[in-house]
There are 2 protein chains.
Amino acid sequence: MSNLELPVLGQDDAAACCSPMVREPLGEEAAVELAKMFKALSDPVRLRLLSLIASHEGGEACVCDLTGPFDVSQPTISHHLKVLREAGLVGSERRGTWVYYWVLPAALAKLSSLLQAPAAIATVPAGGAR
Amino acid sequence: MSNLELPVLGQDDAAACCSPMVREPLGEEAAVELAKMFKALSDPVRLRLLSLIASHEGGEACVCDLTGPFDVSQPTISHHLKVLREAGLVGSERRGTWVYYWVLPAALAKLSSLLQAPAAIATVPAGGAR
DNA sequence: GTCTTGTTTCGACAGCTGTCGATACAGCGA
DNA sequence: TCGCTGTATCGACAGCTGTCGAAACAAGAC
């Protein structure tokens, strides 16, 4: 069976803790921590926010870039950004007037590797490479 | 506050659901669907249930194998299994007295690939064209 | 200084979620 | 048939979540 170039465990310290959950039962503490991250991803607005930030030029986006595409109010966007930040999925920094957010790739990689299902790897279309 | 109209890619494309979200903004519909799956993962008990099922011999587990390790009641386990099933993450079947659950690897793979964060994302040049 | 703009926090509210005990349903064995 | 065991559903309830408008805070412009 072919093996793609997948994020390898131990690639960095954040991912080291998370082997695919299909290999061994998750511990209770690990489950609690991971559930918090998945909960941050469990809202459509936050999911779109995350992808907007990640796909933005330079890999970061100003809040002012993020309020436009949504139907919800600006305080609500701010709230969702806070949730993403507290879950460790994004980082933020104020630069003058604006506040910028960027994705923390290690966090996404951690969740991604956790969900890797060996039996399914062969059925996944060959990566995102264009 | 919401007059901005940014181009959103992938709203009509099936691939939008499976390519890394760091490459292009998630469409609204795709985000709603994916959020449901992540919501199913956003509870520690469900996360552990999923890993217990996946790591069980034969890749499937009877409900009777799943109630033991948890402090919650049997109806609660049944409820969580239902959530996982309705999210499309597991399948189930009754065989005589017992009901068996198994993980649907394609669903995990879908989420896993979505979260894949290429290391390059952090170093994309600011002037990069799309 | 004052004003303007960008962002966060606050307080409130409806709706959803996880949990339970009680109960109903499904098979099996005696 | 009856009873037993395994599983799902029901009804209820406390607590959490997403949302808003109003207000506060931060930084720059005038």
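**Close-up views of chain B**

**View 1. An open sheet of three strands in chain B, ordered β1-β3-β2.** The strands of this open sheet pair in the antiparallel sense, in the order β1-β3-β2 of chain B. The model shown here, as in the other views, is predicted. The edges are taken by β1 (60-62) and β2 (90-95) of chain B; each has a single partner strand, so one side of each is left without a neighbour in the sheet. On average, and with direction ignored, neighbouring strands of the sheet are turned by 25 degrees against each other.

**View 2. Pairing of β2(B) with β3(B).** Six bridges join β2(B) to strand β3 (residues 98-103) of chain B, and the pairing is antiparallel. One residue pair can be picked out: Arg94(B) has Val99(B), in β3(B), as its bridge partner.

**View 3. Helix α2(B) on the sheet strands.** Helix α2(B) lies across β1, β2 and β3 of chain B. Relative to β3(B), α2(B) runs at about 95 degrees.

**View 4. Crossing of helices α2(B) and α4(B).** Helix α2 (residues 44-55) and helix α4 (residues 74-86), both of chain B, have axes that come within 10 Å and cross at roughly 75 degrees. The two helices, α2(B) and α4(B), are therefore roughly perpendicular to each other.

**View 5. Residues in the contact of α2(B) with α4(B).** From α2(B), the residues in contact are Val45(B), Arg46(B), Leu49(B), Leu50(B) and Ile53(B). They meet Ile77(B), His80(B), Leu81(B), Val83(B) and Leu84(B) of α4(B). Sorted by class, the contact of α2(B) with α4(B) has eight nonpolar residues, one polar and one charged.

Definitions and conventions: Residues are numbered from 1 along each chain as its sequence is written. Chains are lettered from A and ligands numbered from 1 in the order in which they are written. This is a predicted model: local features need pLDDT of at least 70, side-chain atom pairs count only at pLDDT 80 or more; totals for chains, interfaces and linings use all residues. Side-chain values use heavy atoms; hydrogens and water are left out. Axes are lines fitted to C-alpha atoms, for helices over the stretch in contact, and angles run from 0 to 180 degrees between N-to-C directions. Helices (H or I, at least four residues) and strands (E, at least two) are DSSP runs, numbered from the N terminus. Angles under 35 degrees count as roughly parallel, over 145 as roughly antiparallel, 65 to 115 as roughly perpendicular and the rest as oblique. Contact means heavy atoms within 4.5 Å. Ala, Val, Leu, Ile, Met, Phe, Trp, Tyr, Cys and Pro count as nonpolar, Asp, Glu, Lys and Arg as charged, and the others, Gly among them, as polar. Two strands pair if DSSP finds at least two bridges between them.
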